[in-house]
Amino acid sequence: MHAGDVGTGVGGGSRCVEPVVVSGLSYAYPDGKAALRGIDLRVGFGEKVAVLGPNGAGKSTLLKCLVGVIRGVGRVEVFGMPVEPRYLKQIRSRVGVLLQDPDDQLFLPRVYEDVAFGPTQRGWSDDAVREAVLRALAEVGLEGFETRSTYNLSLGEKKRVALAGLLVTNPELYLLDEPTSGLDPSAREALLSHLERLSAAMVVATHDLDAAARLCKRAVFMHEGAVKAEGSVEELAAFYEKSRSGLLT
Amino acid sequence: MRVAPETVVAAAVMVAVSSVLPPYEPPRMALHVLLLALWLVVLAVPLKRVAIRALWLPAVIFAWYGGRSLGAAWRWETFWVLLVLLQVGIVLGDALTPAELIAGLQRLRCPSALLFLLALMVRYMNRLADSVREVHRSMLLRGGVRARHLPRVLAGASHVLLVRVYRGAESVETAMELRGYEARLPLFLAPRASQAELCMLATLALVLVAVHVA
């Protein structure tokens, strides 16, 4: 069976198709080192899943595979569409990706233009873009930041602007790569409170257990490119200790 | 007075083109200087600052290069062209922020691809400067560099910077693709040209044409 024949069919027009279906996904870096080994993962509509694990476990690599930045071997479907070049545009129009380093994500000189990037690419009218940008900035508590330089923002503000850049197009699936890394407690709290309000499906790659517990009911624990356990965040917290002590095989 | 960026850019282009077109006759050049000064007053850019900044570089270039290979008439003409272009460039830099400059060019229908490049350059120039500062600071913290090792260390540092820039460019490309890049530049926010400004531009154009026809 072709990967794209699963569910209600390729194209993802139906709401019955799960946002993420990954089965037997493997990926090796160009130097031959295995980054992902036979990953299985399903994410339902509105479901929030944390991907936990130490550095180098393959969390970010898994997120990259979900949006076709890199291609592994195995079945990867997003909204029923196989993650292949011909479906990437459709997939990416329904997925919002928050990169680990907001300086990579905010590539235009000022906040307004950067948040307006997504809707502009979709061909929205100038008035619709303006309305959506102002609404998205208000949602993340950054009213009045329109003409601020993206370079001069604090890390917390950059992360919130990056989030506004996702909210503005109202994606059906969020992929968040270490959303709270490097943030001070107040900036972390502000970002988490915005993320908690989102109702769309979400995959959060993090080692911030507290943030994962607040955002997600379900979690998977990855180690050396493989999923070692699945359960609630609280249940999986112990795996960090095991991975540190080398008890995880 | 807050002038719309497209007015500033259009006036700059008109004055620059008109000033550098031959023939170079003293009354015509004096009129251009007067127009430039008037433009600075309208934009509320300090005249003294622009004059100092715009004069020294052409003076140095002229002193270095002018006396060697160019004839007497050409020397003054070269100096004049350099002076005008630099003056206009400096005024643009003083009167507009980089984002406003992009807004002005966007409204004057400059190609999106060029403006995207300009926007990325503006956005990442500071980051590159940060990287250079970091490398320099890390050299100092590790005891500095002896003069005889300098070329090798500089080559190494340049390599590090090049790799950082390349990686950064790759990340930005990925981010642009993930956010659905279709070569459409978002509309840059800036005040729009008023009727009065458009009238001023039209008058300026007429004056410049009259100067050249006369």
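Predicted model: local features only at pLDDT ≥ 70, side-chain atom pairs only at ≥ 80, totals over all residues.
Let's start with the strands. Chain A has an open sheet of four strands, running in the order β2-β1-β4-β5 with antiparallel pairing. At the edges sit β2 (34–43) and β5 (81–82) of chain A, and each of these pairs on one side only. Here is how the neighbours in the sheet pair up:

| Strand pair | Sense | Bridges |
|---|---|---|
| β1(A) (residues 20–28) and β2(A) | antiparallel | six bridges |
| β1(A) and β4(A) (residues 73–78) | antiparallel | five bridges |
| β4(A) and β5(A) | antiparallel | two bridges |

L25(A) stands opposite I39(A) in β2(A). V21(A) has E77(A) in β4(A) as its bridge partner. E77(A) in turn stands opposite P82(A) in β5(A). The hairpin made by β4(A) and β5(A) has two residues between the strands, and F79(A) in that hairpin takes a positive phi near 55°.

Now for the helices. Helix α7 of chain A covers residues 155–167; its 13 residues reach 18 Å from first C-alpha to last, close to the 18 Å expected at 1.5 Å a residue. Is α7(A) enclosed by the rest of the structure or in the open? Eleven of its 13 residues are buried, so α7(A) is largely enclosed by the rest of the structure. The buried set includes E157(A), K158(A), K159(A) and R160(A), along with V161(A), L163(A) and L166(A).

Helix α8 of chain B has 19 residues and spans 27 Å from its first C-alpha to its last, again close to the expected value, 27 Å at 1.5 Å a residue.

**How α8(B) packs on α1(B)**

A pair of packed helices is described by the angle between the axes and the distance between them. For α1 (residues 5–20) and α8 (residues 195–213) of chain B, the angle is about 5° and the axes are 10 Å apart. Angles under 35 degrees count as roughly parallel, and α1(B) and α8(B) are therefore roughly parallel to each other. On the α1(B) side, the contact uses T7(B), A10(B), A11(B), M14(B) and S18(B); among the residues they meet in α8(B) are L201(B), L204(B), A205(B) and L208(B). The residues of this contact split into eight nonpolar, three polar and one charged.

**A closer look at V15(B)**

V15(B) belongs to helix α1 of chain B. Why does V15(B) count as buried? A residue is buried if 20 or more other C-beta atoms lie within 10 Å of its own, and V15(B) has 21. Leaving aside residues up to four places away in sequence, V15(B) touches L35(B), L36(B), W39(B) and V88(B). R133(B), by contrast, is 118 residues from V15(B) in sequence and 38 Å from it in space, C-alpha to C-alpha.

**Where the chains meet**

Finally, the interface: 27 residues of chain A are in contact with 23 residues of chain B. On the chain A side, the elements giving two or more residues are α2 (88–94), α3 (102–105), α4 (111–115) and α5 (117–121). The largest share, four residues, comes from α5(A). By type, this side of chain A has eleven nonpolar, eight polar and eight charged residues.

Technical notes: Residues numbered from 1 in each chain as written. Chains lettered and ligands numbered in written order. Contact = placed C-beta atoms within 7 Å. Nonpolar A, V, L, I, M, F, W, Y, C, P; charged D, E, K, R; others polar. Axes fitted to C-alpha atoms, helices over the stretch in contact; angles between N-to-C directions. Parallel < 35°, antiparallel > 145°, perpendicular 65-115°, else oblique. Expected span 1.5 Å × (residues − 1). Buried ≥ 20, exposed ≤ 12 C-beta atoms within 10 Å, placed from the backbone. Pairing = 2+ DSSP bridges.
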